[in-house]
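Welcome, and please take a first look at the sequence and the 3D structure. The report that follows walks through them one region at a time.

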Amino acid sequence: MPATTLPPFPDNVPTHPLLVVDYALLKEGDSEELDRLWTAATTLGFWYLKNHGVDSEVNEMFRMGEETMHLPLEEKMKFEQGDEGLSFGYKAAGANAVEASGLKDTVEFINIAKDDAFAWPQQARRSYPSTVNDRMPNTVTPFVKKSNEINDTLLGIFNTRLGLPDGTLTSLHSPDEYSASEARVIKSPASAAASMTKERMAIGAHTDFGSLSFLHNRLGGLQVLPPGITEWQYVKPLPGHAICNVGDALALFSGGILHSNIHRVVPPPGEQSKLNRCSLVYFTRPGNSVVLRALKDKSSLINEATQSSNNTTNDPEETAEQWFMRRIKNQRVKNITL
Ligand SMILES: O=C(O)CCC(=O)C(=O)O
Ligand SMILES: [Fe+2]
């Protein structure tokens with residue numbers, strides 16, 4: 001359904017206004033825009049990104065997601081991600097828990113590895129449903145390449161601001177190393193929204209595991225809990241504006257200077273709750289061999305930040321591969337011990 005025919009986002013729900021960052025101006029090195037990005041990334045850790053130039057790939061990815069979700073469940077289950085901590089592939093509704101009690105989620109995902117999108121027509125990490133394969137060259141790979149490039153540009157800006165040697169963050173997210181970076185389409189059915197109580201979330205409260213997330217929303221439902229505020233607030237979807245956020249890995253590398261904020265997904269508000277909700281994300285995550293720790297040896301700014309009492313990050317001293325597998329595994333209902 002074209003975005004213009006969607007029921008409007010209601011104006012009587014608590015909404016958090018994100019800063020709007022213009023990607024075209026960032027590319028030109030506009031200093032006001034660079035400041036705005038830095039402010040957003042070091043406070044809430046969420047911002048809108050406009051003029052990113054990925055609109056047509058985003059529309060096609062939403063179509064790919066619809067085609068995939070329409071496949072019979074039996075077909076999708078051939079590509080299920082499994083319980084061993086691998087994220088790529090299909091995640092059935094009810095496979096993950098929305099909270100520690102083990103309450104099952106109601107959303108389906110299709111996750112496509114950056115490594116498979118780049119290696120196509122070779123297979124790097126795993127196989128996918130025909131609806132993904134058919135669109136790999138013209139939809140998925142172009143979307144992943146552009147999204148990865150945008151996140152890489154943002155990483156370059158953060159690298160400079162953090163006082164890191166040139167290319168440090170880029171090399172920790174090298175496109176040539178296998179990683180958990182992936183594109184994801186999420187479907188949250190209206191039928192589940194109808195039966196949800198206020199506490200029943202589509203995606204439970206979490207911070208993103210990776211470094212940067214590049215999200216595209218058409219319906220409301222995403223909420224953030226801004227620091228110092230006790231009420232969850234919606235992030236209103238704006239046409240042509242991606243929603244970007246800092247994840248835990250980047251917060252860790254920066255010694256907590258960059259902020260990874262808690263968020264969740266609830267049924268869309270108002271009239272929008274009658275529609276199935278689809279969203280699309282590209283997650284940039286560190287290379288598999290990268291050890292997760294604050295880069296304090298490489299930046300005096302980061303070194304100082306790790307000594308500040310505001311710093312709540314701990315160095316896991318684990319590789320990104322081990323860390324992600326453990327976290328993904330722990331979300332699976334089958335692995336929850338009550
Ligand atoms: O669907 C959304 O709006 C957000 C999804 C999300 O937070 C996630 O997949 O990590
Ligand atoms: Fe998230």
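This is a predicted model: local features need pLDDT of at least 70, side-chain atom pairs count only at pLDDT 80 or more; totals for chains, interfaces and linings use all residues.

## Before we start

Residues are numbered from 1 along each chain as its sequence is written, chains are lettered from A and ligands numbered from 1 in the order in which they are written, and side-chain values use heavy atoms, with hydrogens and water left out.

Helices (H or I, at least four residues) and strands (E, at least two) are DSSP runs, numbered from the N terminus. Two strands pair if DSSP finds at least two bridges between them.

## The iron site

Which residues coordinate the iron ion (ligand 2)? They are His206 (NE2), Asp208 (OD) and His263 (NE2), at 2.1 to 2.2 Å. Donors here are N, O and S atoms within 2.8 Å of the metal (3.2 Å for Na, K and Ca); water is not among the atoms, so sites may look incomplete. Along the sequence, the donor residues follow the spacing H-x1-D-x54-H. Because His206 lies in strand β6 (residues 203-206) and His263 in strand β11 (residues 263-265), the pair ties together parts that are 57 residues apart in sequence.

Are the two histidines buried or exposed? His206 counts as partly exposed, at 23% relative accessibility, whereas His263 is buried, with a relative accessible area of 5%.

## The four-stranded sheet

Strands β6 and β11 belong to an open sheet of four strands, in the order β6-β11-β8-β9, with antiparallel pairing. Its edge strands, β6 and β9 (233-234), each pair on one side only. β6 and β11 run antiparallel and are joined by two bridges. Ile203 has Val265 as its bridge partner in β11.

## The eight-stranded sheet

A second open sheet has eight strands in the order β1-β2-β10-β7-β12-β5-β4-β3, and its pairing is mixed. At the edges are β1 (20-22) and β3 (89-91), each pairing on one side only. From one strand to the next, the twist averages 25°.

Start at β1, which runs parallel to β2 and is joined to it by three bridges; Asp22 stands opposite Lys50 in β2. On to β10: β2 pairs with it in the antiparallel sense over four bridges, and Tyr48 has Ile243 as its bridge partner there. Since four of the five residues of β2 are buried, this strand is largely enclosed by the rest of the structure.

## Helix α2 and its neighbours

How do α2 and α7 pack? Two packed helices are described by the angle between their axes and the distance between the axes. For α2 (residues 31-42) and α7 (residues 136-161), the angle is about 85° and the axes are 11 Å apart. Axes are lines fitted to C-alpha atoms, for helices over the stretch in contact, and angles run from 0 to 180 degrees between N-to-C directions. The two helices are therefore roughly perpendicular to each other, a term for angles of 65 to 115 degrees; under 35 counts as roughly parallel, over 145 as roughly antiparallel and the rest as oblique.

The contact (heavy atoms within 4.5 Å) is made by Ser31, Leu34, Asp35, Leu37, Trp38 and Ala41 of α2 and Leu154, Ile157, Phe158 and Arg161 of α7.

## Loops and a helix end

A cis peptide bond joins Trp120 and Pro121, with omega about 10°. Pro121 is found in the loop between α5 (114-119) and α6 (130-133). In the loop between β2 and α3 (55-69) you will find Asn51. Phi of Asn51 is near 55°, a positive value in a residue other than glycine. Asn51 is partly exposed, with a relative accessible area of 47%.

Lastly, Gln307 is in helix α11 (residues 300-307), and it counts as exposed at 62% relative accessibility. Gln307 and Gly255 are 52 residues apart in sequence and 8.9 Å apart in space, C-alpha to C-alpha.

Key
Buried means under 20% relative accessible area, exposed over 50%, partly exposed in between (1.4 Å probe, protein chains only).
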